[in-house]
Amino acid sequence: MTRKHRRNASENVRPSDLEATYICDSCGEEIVVPVDVSAGSHQDYVEDCPVCCNPMVLHVDIDDDGGAHVEGEHE
Ligand SMILES: [Zn+2]
């Protein structure tokens with residue numbers, strides 16, 4: 001028998017719907033990336049820019065309040 005406290009979802013976004021933006025170093029476009037909060041509050045990974053196809057190193061940080069920040073840097 002398990003008892004779980006249900007969080008009141010009065011806040012805003014569901015965790016799985018988080019998105020953040022970064023500016024591509026190569027083409028200067030603003031890129032929107034989905035953020036997987038279940039992967040941790042800090043993530044580094046490489047993703048090709050969907051506009052110019054250059055690989056970008058992305059540094060993702062997730063705040064305590066659920067906001068996500070992404071910084072992109074040219075590989
Ligand atoms: Zn680009």
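Modeller: Two strands pair if DSSP finds at least two bridges between them; strands themselves are DSSP runs (E, at least two residues), numbered from the N terminus. This model is predicted, so local features need pLDDT of at least 70 and side-chain atom pairs count only at pLDDT 80 or more, while totals for chains, interfaces and linings use all residues. Residues are numbered from 1 along each chain as its sequence is written.

Biologist: Thanks! Which residue of β5 is the bridge partner of I62?

Modeller: Start with the strands: β4 and β5 pair in the antiparallel sense over 7 bridges. In β5, the bridge partner of I62 is A68.

Biologist: And which residue takes a positive phi in the hairpin of β4 and β5?

Modeller: β4 covers 55-62 and β5 covers 68-74. Their hairpin has 5 residues between the strands, and the one with a positive phi near 90° is G66.

Biologist: Is Y22 buried or exposed?

Modeller: Y22 is found in strand β1, residues 19-23. A residue is buried if 20 or more other C-beta atoms lie within 10 Å of its own, exposed if 12 or fewer, and partly exposed in between, with C-beta atoms placed from the backbone. Because Y22 has 21 C-beta neighbours inside 10 Å, it counts as buried.

Biologist: How many residues does the largest nonpolar core have?

Modeller: Such a core is a set of buried Ala, Val, Leu, Ile, Met, Phe, Trp, Tyr and Cys residues joined through C-beta atoms within 7 Å. Here the members are Y22, V35, V60, I62, A68 and V70.

Note on methods:
Helices (H or I, at least four residues) and strands (E, at least two) are DSSP runs, numbered from the N terminus.
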